[in-house]
Amino acid sequence: ANLELWQGPDNTPYKMRVYVEDGAQRSFNCVIETPRGPNTVAIRNTANLEFPLVAGVVPSEVRGERINPMAGAKSTPRTIQGGALRTYPFDPNVESVRIVLQTDGRPLNSRIELLQGPNNIKQVMELYTEDGMDRPYIAIIETPGSGNVVRIVNTATMEFPLTALVEADQIGDGRGPADAVLGGDGPGFMLDRAW
């Protein structure tokens, strides 16, 4: 899908291309800041007719003073220079990951990938915003299963670094509904059989 923020008739300060392998298992959620004047969010399904898309845009109730998206972080934000990449592996008990990308007012160009296993891409977001301070990228990505890695590539040149914060958002017990239970230590294991 393509997602764009339109500000006025000829200005598109925010563009994103999104690929999700299985939208039922890993839905896509992000926050788009819309400062200064009326804005329009456009969502276009670029997939074939056989792959419909359900999308929704909901206004936020936060008004007035800007909120720092890095506030309250449990981990340290890292700088990713233009042309560089950084990977963030997560334990199986992490159910969702919070991602915040911003700049010091310069353009933000990046590619965010969720991988599960070696080079098995589950979700991709290609992002452009003309001002990474006014319009940072904020998203919650669901990470069911094990072997999840978030890879962030700064696709801009060396003059345009970005600051990335990637941390666990929700943490569960690490077992999915289809995970096998080894050892047979569940209730009633072999108690109803007479040997």
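**Entry 1: the surface patch**

I start with a term: a patch is made of residues with over 30% relative accessible area and no salt bridge, where like charges are joined within 9 Å and nonpolar side chains (Val, Leu, Ile, Met, Phe, Trp, Tyr) within 5 Å. A salt bridge is a side-chain nitrogen of Lys or Arg within 4 Å of a carboxyl oxygen of Asp or Glu. Accessible areas come from the Shrake-Rupley method with a 1.4 Å probe, and for residues only the protein chains shown count as cover.

I noted that this is a predicted model, in which local features need pLDDT of at least 70 and side-chain atom pairs count only at pLDDT 80 or more, while totals for chains, interfaces and linings use all residues. Residues are numbered from 1 along each chain as its sequence is written, and side-chain values use heavy atoms, leaving out hydrogens and water.

Then I looked up the patch: I43, L53 and V57 make a nonpolar one of about 250 Å². I found V57 in the loop between β4 (40-44) and β5 (78-80). V57 counts as exposed because its relative accessibility is 56%; the cut-offs are under 20% for buried, over 50% for exposed, and partly exposed in between (1.4 Å probe, protein chains only).

**Entry 2: the whole chain**

Next I stepped back. I read zero helices and twelve strands for the chain. Helices (H or I, at least four residues) and strands (E, at least two) are DSSP runs, numbered from the N terminus. Of the 195 residues, 32% count as buried. The chain exposes about 12000 Å², and carbon and sulfur atoms supply 53% of that area.

I also checked contacts, meaning heavy atoms within 4.5 Å. Among those with a separation of 6 or more, 78% are between residues 24 or more positions apart.

**Entry 3: the core**

Which residues touch the most other members of the largest nonpolar core? A nonpolar core is a set of buried Ala, Val, Leu, Ile, Met, Phe, Trp, Tyr and Cys residues joined through side-chain atoms within 4.5 Å. I found I99, L101, I112, Y137, V150 and I152, in a core of 26 residues. β7 (94-102) is among the elements giving two or more residues to it, and β7 gives the most, with four.

I followed I112 further. Beyond its neighbours within four places in sequence, its contacts include I99, L101, Y137, V150 and I152.

Is E113 buried or exposed? E113 is buried, because its relative accessible area is 5%. I placed E113 in strand β8 (residues 108-116). Its side chain makes a polar contact of 2.5 Å with the side chain of R111, and there is one with the side chain of R151 at 2.5 Å. A polar contact is a pair of N or O atoms within 3.5 Å; within protein, one must be able to donate a hydrogen and the other to accept it, and residues adjacent in sequence count only if both atoms are side-chain atoms.

Then I turned to Q7, in the loop between β1 (2-6) and β2 (14-20). Q7 counts as buried because its relative accessibility is 14%. The Q7 side chain reaches the backbone oxygen of P35 at 3.1 Å. Leaving out residues up to four places away in sequence, Q7 touches P13, P35, R36, P38, N39 and R135.

**Entry 4: a loop proline**

Last, I looked up P144, in the loop between β10 and β11. P144 is partly exposed, with a relative accessible area of 23%. P144 and V94 are 50 residues apart in sequence, yet 7.6 Å apart in space, C-alpha to C-alpha.
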